[in-house]
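Open the model in a viewer and keep the sequence beside it. The stops below say what to select and what is there.

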Amino acid sequence: MSGGHFDYKQHHITDIIEKLRATLKRIEDPEDDSEWLKSFDDITIKHIEDTITMLEMAFIYVHRIDWLLSADDG
C-alpha cells in the first residue's frame, strides 16, 4: 500500500489540531493551574479557534490533492 503522494504527512495537521483543542480545554478547565494558559485573553483564544478552522480546511485540501496526485481520486 502506498503512502500517498505526501507519505501521509498531511495527518500531522490533525495532530496539531488535536493539540490546539486540548490547549483550549486546559484554558477552560478551572482545575488547571497553569498561569501561562490562564493569561490568554479572548482575542488570543479566538485566534486559536480560527487557526483550528483553517487547519481543518487545509487538511481537507491537502488530503484531496494527495489523492489527485496519487491518481486515487475519481
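**The aromatic pair**

Select W36: with a relative accessibility of 58%, W36 counts as exposed (exposed means over 50% relative accessible area, buried under 20%, and partly exposed in between, with a 1.4 Å probe and protein chains only). This is a predicted model, in which local features need pLDDT of at least 70 and side-chain atom pairs count only at pLDDT 80 or more, while totals for chains, interfaces and linings use all residues. Residues are numbered from 1 along each chain as its sequence is written, and side-chain values use heavy atoms, with hydrogens and water left out.

F40 is buried, at 19% relative accessible area. A search of the whole structure finds one aromatic pair (rings of Phe, Tyr and Trp, the last by its six-membered ring, pair if their centres lie within 6.5 Å). The ring centres of W36 and F40 are 5.1 Å apart and the planes stand at 75°, so the pair is edge-to-face (planes over 60 degrees apart count as edge-to-face, under 30 as stacked and the rest as tilted).

**Two helices**

Next select residues 11-28, helix α1, and residues 42-69, helix α3 (helices are DSSP runs of H or I with at least four residues, numbered from the N terminus). Their axes come within 9 Å and cross at roughly 160° (axes are lines fitted to C-alpha atoms over the stretch in contact, and angles run from 0 to 180 degrees between N-to-C directions). That makes α1 roughly antiparallel to α3 (the term is used for angles over 145 degrees). The crossing of α1 past α3 is left-handed, a term for a near helix turned anticlockwise from the far one by less than a right angle.

Show the side chains where the helices meet. On α1 the contact includes I13, I16, I17, L20 and L24; on α3 it includes I48, I52, L55 and F59 (contact means heavy atoms within 4.5 Å). The residues of this contact divide into twelve nonpolar, four polar and three charged (Ala, Val, Leu, Ile, Met, Phe, Trp, Tyr, Cys and Pro count as nonpolar, Asp, Glu, Lys and Arg as charged, and the others, Gly among them, as polar).

**The segment before α1**

Go to Q10, in the segment before α1. Is Q10 buried or exposed? Q10 is buried, with 2% relative accessible area. Leaving aside neighbours within four places in sequence, Q10 is in contact with F59, V62, H63 and D66. Q10 and F59 are 49 residues apart in sequence, and their C-alpha atoms are 6.3 Å apart in space.

Now select F6, which also lies in the segment before α1. F6 is partly exposed, at 29% relative accessibility. Not counting residues up to four places away in sequence, F6 touches V62, I65, D66 and L69.

Finish with the backbone of D7 and Y8. Most residues other than glycine have a negative phi. Phi of D7 is near 55°, a positive value, and phi of Y8 is near 65°, also positive.

Methods: Angles under 35 degrees count as roughly parallel, over 145 as roughly antiparallel, 65 to 115 as roughly perpendicular and the rest as oblique.
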